[in-house]
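The following exercises are to be worked with the sequence and the coordinates side by side.

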There are 2 protein chains.
Amino acid sequence: MRDVEREFLLSFWKIHILHHAETRHVFGQWVIRELRRHGYEVSPGTLYPLLSRMEERGWLKLKVAPDTGPRARKEYSLTKRGKGVLTLLREQVEELHCEVVLGKENEL
Amino acid sequence: MRDVEREFLLSFWKIHILHHAETRHVFGQWVIRELRRHGYEVSPGTLYPLLSRMEERGWLKLKVAPDTGPRARKEYSLTKRGKGVLTLLREQVEELHCEVVLGKENEL
DNA sequence: GCCTCCTATTATGTAATCCGTAGTCGGATT
DNA sequence: AATCCGACTACGGATTACATAATAGGAGGC
């Protein structure tokens, strides 16, 4: 039943990532550790491309300490554009919650 | 900004589908119409395989009227297993809502 | 100086999913 | 019988997900 949720949870985690990037710097290993702490596993092959895509789309801004080699920690923070996306997502989560959890019938 | 949401919304719609399948019969065109009514477009090439996968996984039970040819409407309803998944998902949505929308810090 | 462990990201190949467009089929309408 | 409508199917390409293995610098120990 655990991998049942995977397909959905990945989306949720993405939202979490944006949420946290709003107030702190986020990087790959941190996310991996946080999720593990909560009993979930996400592999590098899933997570890093994901962060990278978020940067490409302009949701996250990358900052890496200079002169620290090719494997240096990459810290991401939310951009203005990412903030816009996050705001929309929050509205969507609110709606989803209302309809699916609280059962308010807004129709689909 | 609209396709921004697509990646996330598709997951939400899947949850909606399970939610509705709990209390009524759901079929492809109905979902497409409902989403369109709310301003979203999902193409057959996305939706039908999705419903099909949900059936494969045992979340939905297929019922098709007999002797109605290869293009007959396929109606799905929630299985017991699907109900279990939906329950888990509701909890997850609740958590997501608490943390990301209401800002209750449960960490990550 | 060298070995080892730890933190991090990168590389890579395969599988699964997503997507739009075009196609098919039966029934109702005209 | 010709057309339209409601529904699903087929298909090919693009994107995303995934696990595993590889790489690279830094800190300690000796």
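**Exercise 1.** Is A:Pro49 buried, partly exposed or exposed?

*Solution.* Bear in mind that this is a predicted model. Begin by placing the residue: A:Pro49 lies in helix α3 of chain A, which covers residues 44-56. Next, take its relative accessible area, which is 35%. Buried means under 20% and exposed means over 50%, with partly exposed in between, so A:Pro49, at 35%, is partly exposed. As a further point of orientation, A:Pro49 and A:Gly84 are 35 residues apart in sequence and 22 Å apart in space, taken from C-alpha to C-alpha.

**Exercise 2.** Describe the interface between chain B and chain A, going from its extent to its polar pairs.

*Solution.* Start with the residues: 39 of chain B are in contact with 37 of chain A. The area buried between the two chains is about 4300 Å², and carbon and sulfur atoms give 69% of this area. Then turn to charges, where the rule finds four salt bridges across the interface; the side chains of B:Glu7 and A:Lys14 meet in a salt bridge at 2.2 Å, N to O. Between the chains, 15 residue pairs are in polar contact, with both residues at pLDDT 80 or more. On the side of chain B that touches chain A, the elements giving two or more residues are α1 (2-21), α2 (28-37) and α4 (80-101) of chain B. The residues of that side divide into 19 nonpolar, eight polar and twelve charged.

**Exercise 3.** Which residues have the most contacts inside the largest nonpolar core?

*Solution.* The largest nonpolar core has 60 residues, and those with the most contacts inside it are A:Leu18 and B:Leu18. Residues that B:Leu18 touches include A:Phe8, B:Trp59 and B:Leu89.

How values were computed: Residues are numbered from 1 along each chain as its sequence is written. Chains are lettered from A and ligands numbered from 1 in the order in which they are written. This is a predicted model: local features need pLDDT of at least 70, side-chain atom pairs count only at pLDDT 80 or more; totals for chains, interfaces and linings use all residues. Side-chain values use heavy atoms; hydrogens and water are left out. Contact means heavy atoms within 4.5 Å. Buried area is the accessible area (1.4 Å probe) that two parts lose on being put together, summed over both. A polar contact is a pair of N or O atoms within 3.5 Å; within protein, one must be able to donate a hydrogen and the other to accept it, and residues adjacent in sequence count only if both atoms are side-chain atoms. Helices (H or I, at least four residues) and strands (E, at least two) are DSSP runs, numbered from the N terminus. Ala, Val, Leu, Ile, Met, Phe, Trp, Tyr, Cys and Pro count as nonpolar, Asp, Glu, Lys and Arg as charged, and the others, Gly among them, as polar. A nonpolar core is a set of buried Ala, Val, Leu, Ile, Met, Phe, Trp, Tyr and Cys residues joined through side-chain atoms within 4.5 Å. Buried means under 20% relative accessible area, exposed over 50%, partly exposed in between (1.4 Å probe, protein chains only). Lists of a residue's contacts leave out its neighbours within four places in sequence.
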